[in-house]
Amino acid sequence: MQKNFELLATDRHSKARRGRLTSAHGVINTPAFMPVGTQGSVKGVSPRELRELNAQIILGNTYHLFVRPGLDVIKRFGGLHDFMNWSGPILTDSGGYQIFSLAKLRKITEDGVEFQNHIDGARAFISPEIAMEIQVLLGSDIAMALDECVPYPCEYDYAAQSTEMTTRWAKRCKEWKRRNGETAKRGLADSPIRPLADSFLFGIIQGATFEGLRKENAQAIVDLDFDGYAIGGVSVGEPEEEMMRAVEWAEPFLPENKPRYAMGLGTPPQLLELIARGMDMFDCVLPTRLARNGTAFTAAGTVNLKNAEFILDKNPIEENCTCEACREFSRGYIRHLIKAEEILGLRLITLHNLHFYLNLMNQARAEIGNGTFEQFRKAFVAGYKTRDAVTVE
Ligand SMILES: [Zn+2]
């Protein structure tokens, strides 16, 4: 399959776009939501169920897989697709975000990051080149350049220096791919770096909450000519307005014919707002994480099924929802499962929540195609009552 991105439709009333990304493991219609498979598993859901939910692509966390089970194990299984038995596209992050948020004793230099992992404290070092190598060994369809994700809030001087280093790291990732990509193309079909020839590499735009830095960095990263662009350093605890601004500042610099990925976002209304701001791809742990707390997404907002009001409720989580949980079970029963800490309870809510997110993207694509996205967005946002703080892992 020839990898490429086609822009199929643009909305007349907003920056919303409908596109198609063709990867080595299949087609991704955008806007797309990517369920997060943190440790080689989307928590509580099998790959067969993900296919039934029409998940087009999942995200794998490089850091987690690097720490456990480790690359030697995944290599022996022929890469992440075969290891976890998911045959669709996989996007891997660079590992940077988790090194900065989970690992201990980080030492960041121009070369890379030295850290102690959060599981057994073993020391490791990741450079832009090593981050690329790991993602290629995982068999990633979309690899991300290594970046430094600065915390919120962040001093201007630190953010400025860090953003410049992120650009230099992005250049090194690009260079590594160029050098090794040629070898990979000539290589045998079973060479561990063979997937590299067919994979995408996305650059990440940083710049914290500073307009100048965001714009400069967007230009600098776009100048390096990646296959796609991500807005990073969002969803790190900043208010929603700051997050939207970071996207708005970078977006005008992004070429139309490349996919755009807003990292680690967001709530259902936020996804529609980001689509209206020209974003194509999203990943977020909210649907799976909130499910474990008994919280389900509905068009009217989130509901916590632990609440006593649902004890005798014979209705499904959401009327007319076609997911397995809603077709077959009542709120009252699922509430009981959650209260009794039965695994089935969190699985059912997870299935519903993923269905909700994936279906929302499906609807968004149809509305963009019909030229009715803005009405849809406004009606959805107005009807959605709760606005949760976004947390990521
Ligand atoms: Zn449902």
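Which residues does F33 touch, not counting residues up to four places away in sequence? The legends below describe close-up views of a predicted model.

**View 1. Surroundings of F33 in the largest nonpolar core.** Leaving aside residues up to four places away in sequence, F33 touches I57, L271, F282, D283, C284, P287, L354, Y357, L358 and M361. The largest nonpolar core holds 83 residues, and those that touch the most other members are F33, I275, F282 and F373. Helix α15 supplies the largest share of this core, with nine residues.

**View 2. A second, separate core.** This core has 19 residues, among them L21, I142, I204 and V285.

**View 3. The zinc site.** Four side chains coordinate the zinc ion at 2.1 to 2.3 Å, namely C321, C323 and C326 through SG and H352 through ND1. The angles among the four donor atoms run from 101 to 115 degrees, and the site is tetrahedral. Along the chain the donors follow the spacing C-x1-C-x2-C-x25-H.

**View 4. The cysteines C149 and C154.** The closest cysteine sulfur to that of C149 belongs to C154 and lies 9.7 Å away, which is too far for a bond, because a disulfide requires sulfur atoms within 2.5 Å. C149 is buried, with a relative accessible area of 11%, and C154 also counts as buried, at 14% relative accessibility. The count of disulfides in the model is zero.

Definitions and conventions: Residues numbered from 1 in each chain as written. Predicted model: local features only at pLDDT ≥ 70, side-chain atom pairs only at ≥ 80, totals over all residues. Heavy atoms only, no water. Donors = N, O, S within 2.8 Å, 3.2 Å for Na, K, Ca; no water. Tetrahedral: all angles 85-135°; square planar, octahedral: opposite > 155°, others 65-115°. Core = buried A, V, L, I, M, F, W, Y, C linked by side-chain atoms within 4.5 Å. Buried < 20%, exposed > 50% of the residue type's maximum accessible area, 1.4 Å probe, protein only. Helix = DSSP H or I, 4+ residues; strand = E, 2+ residues; numbered from the N terminus. Contact = heavy atoms within 4.5 Å.
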